[in-house]
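Hello,

Here is the structure to look through. Please open it first, then read my notes below.

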Amino acid sequence: MGAGLVKYSRETVRDVKQVARGWRWGRRPQVPRSAEPYVIPKETSVFPTKWARTPAAIAVRDFIQKVPLNAVLNFEVSPQVSGLDSLLKLDGPALIVANHSSHLDTPLLLLSLPDAIRRKTAFAAAADYFFDTWWRAAGSAIVFNTFPIERRGGKMSSTPGDLLADGWNVVVFPEGTRSPDGWVQRFRMGAAYLAVEHNVPVVPVGIKGSFAAMPRGRGWPVPGRPGVAVRYGDPLRPAEGESARDFAPRIAAAVSALLDEESTTWYEARRRAAIGASPSQTGPEAAHWRRVWESTRQLPSSTGKRRAWK
Amino acid sequence: MARPGFVLEVDDRTPPLLVHNGEGFLLERFPLGTRVVYPPEALPPVRDVDEAIQNALLNPIESEPLPELLSAGMRLTIAFDDISLPLPPMKKPDIRQRIIEAVLELAAQAGVDDVELISANALHRRLTPNELRDIVGERVFRSFFPDGKLYNFDAEDAANLTHLGQTKHGEDVEISKRAAESDLLVYVNVNLVAMDGGHKSTSIGLASYKSLKHHHNSHTMIHSRSFMDHKASKMHHSAWRMGEVLTQHVKVFQIETTLNNDIFGGPLEFLQKREWEWSIKDQASMLATKRALAAAPRKLRHRIFTDVRSNYGLTGVNAGKIEPVHDKTLENVHRQHLVEVQGQSDVAIMGVPFVGPYNVNSVMNPILAACMGLGYYFNSYRGNPIVRKDGAVILYHPVDYEFSQLHHPSYVDFFEEVLSESTDPATIEAKFEKQYAEDPWYIHLYRTSYAYHGVHPFYMWYWISHALDHCGDIVWVGANRKTVERMGFRSASTLQDALEMVSHSVGRSPSITYLHNPPHLLADVR
């Protein structure tokens, strides 16, 4: 009897382990490659996130962000933030638009913002990624104040407009997804459309080094406290009668200029931008590995000596 | 919208896959690159079954509407498929009940008094009264059974058999006298797989040993490639010839039904879902079921599986003249089962489940397990077998030494006496078949008890003759070594061992195809 019970328990543990491994408990489920064409797209249901912007949720989030998140972020990476004075030029809600190459971008951006702005900032997050399960949706909503948007086209969620109207700043990564090689991808029209539609300024942000610190596929930053740079630029406003189609390249150019500024100096970058010669941030036309190689070059850590005007 | 069947290629993202293993199942990690054939998902069922039946009866194919064929004073016989279909048995009400009730309703309106209902069980065991009631329903049962008008066909009742003549190939056509002498024979079929239906219904279901032996023999079976494609099956060719003779004498109104693949519902639903799409609930159900089965005593486990009743949605009902009706039926069956597979492979893998046509409410003995795997699943192809000539077949089933003395008495002797002498179908046929077929004790049990006919185990063995001829190696995973050895096969503890054992004929890195079955599928091997 005893031996039988032990055997049964062992087999049960073995079965549970097999299922846990096979179905990747705690991780995102995968579909075999050959079965991908037969996957039925999930019916999208809008996850309510209004509760995450109530005073209680804001207080909880403020604590999480300021204490554990801030501590972990500064322990693991060494952020260098510049251009925050540009934010002083804001007089109301704004769209904050940044390039996106890592999951680090969100906490970096958030924790580099002045407290007053940070508390009033919401993140647009991919509905299919961050809102696929209730616990992931609830978790990201409470920590980062995310709200779901459909990145695979379709009708635009009405939430970003409502948030802007309610006085919230909204962060959008117009590339739609993290860059696979660290270089800037094509900016989509969503951010420009929002800015034009709601007549709000756009704050461009260039983030450099986050791909080297924690590229796609990694769940934690690389060791060695890599340096990451966040640079804010002056707010852009859509001109009178300017369409989203015309405004979008201006946003992309502003982010590119900020990234250029990050690798050279402010004045050089301004001069190049003035003659329209800002180097492309889409990376060299080269094999994938060389693109990755180039973009994983680590920025010097903030503990190192900093140059003037940088 | 039901998704089509497809062939999965196992990669690093593929979770362990479910394999049926007798009264249980297991999760197996197949080698990378293994092809797994998944049948199409359950097709949407017809919305109104009764309306579909009425429509079929009133607008038959190449036949007068049924009411026009019915008249007062006529002899009407309704024959129906026995308990071997569908598998697992259907939740009530059975589709046969709904059709028979509709037919009887019309017969009542026409004032037909002389009606008899026959279970077309040929040499299968008789159905118990309860089993008959489950198929035809309480109302029909109560109206006909007490008067002896609802009964099992008796292939050994010489006085009640009629010899209708011979086919151009000299095959005897001998069927139930009542059916042969009826003004109208209505056959109610359940076409679960492509093998069923057509002329096989009447000319096999209501036939005697004298008639059956013309196509149920090792020569015909080895040349039936496969049973699931009547145009390429010698057995079906013979049945079709007999059907021609039969329909010259008897007016047959054939009603064929097709079912979808909605087999497992409730907590067992995971059995028919694609593994990578299992929700947490499915995973939990699987774990709970697997562990519960492991803890359950054997009898309880058997009971759990015997009690499985399937939902099955009706995908079509067609009535009228046999051939055109059957063509329509096959269209529907193919829509549900057919999966295109490119090329044969070196190794085919199949999991043998808990139920086959001949062990409903009974146990799956070693011969039936072999028949299920090597007869039915191996033959689930159109075009070419899934495995190349002289390739290997790996099967999963415990193959316990377990027989039902009530249902399969001749199987025990066949296993002990015949298989110990030879496993070659032709040798067995020549040496032993006649003796078993004419054994008075087996005949007595077949006629009065609930036993399969004495010759039935031979048929099971002929059923697998094509596989025996085609395959170089046949290995069972996790099977009882002794029973498997008696049947001329080998047993391995694990899939890895089995692949090791067959490596001398298929090499170290063979191409492998796993037929994910059930639900049922038909591999269209190009």
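A residue counts as buried when its relative accessible area is under 20%, and as exposed when that area is over 50%. Keep in mind that this is a predicted model.

Start with helix α1 of chain A. It covers residues 2-22, which makes 21 residues. From first C-alpha to last, α1(A) reaches 30 Å. That is close to the 30 Å expected at 1.5 Å a residue.

Which residues of α1(A) are buried? They are A:Asp15, A:Val19 and A:Gly22. Look down the axis of α1(A): its buried residues fall within an arc of 75 degrees, so they line one face of the helix. The other side of α1(A) has exposed residues: A:Ala3, A:Arg10, A:Lys17 and A:Arg21.

What covers the buried residues of α1(A)? The cover includes two elements of chain B, β3 (25-28) and α11 (280-295). After α1(A) comes A:Arg24, with a positive phi near 50 degrees.

Now turn to chain B. Helix α14 (residues 366-377) and helix α18 (residues 456-463) of chain B have axes that come within 8 Å. The axes cross at roughly 35 degrees, and the crossing is left-handed.

On the α14(B) side, the contact is made by B:Ile367, B:Leu368, B:Ala370, B:Cys371, B:Leu374, B:Gly375 and B:Tyr376. On the α18(B) side, B:Pro457, B:Met460, B:Trp461 and B:Trp463 take part. How many residues of this contact are nonpolar, polar or charged? The contact of α14(B) with α18(B) has 10 nonpolar, 1 polar and no charged residues.

Best wishes

Terms used. Residues numbered from 1 in each chain as written. Chains lettered and ligands numbered in written order. Predicted model: local features only at pLDDT ≥ 70, side-chain atom pairs only at ≥ 80, totals over all residues. Heavy atoms only, no water. Helix = DSSP H or I, 4+ residues; strand = E, 2+ residues; numbered from the N terminus. Expected span 1.5 Å × (residues − 1). Buried < 20%, exposed > 50% of the residue type's maximum accessible area, 1.4 Å probe, protein only. Arc of directions from axis to C-beta. Contact = heavy atoms within 4.5 Å. Axes fitted to C-alpha atoms, helices over the stretch in contact; angles between N-to-C directions. Left-handed = near helix turned anticlockwise from the far one by under 90°. Nonpolar A, V, L, I, M, F, W, Y, C, P; charged D, E, K, R; others polar.
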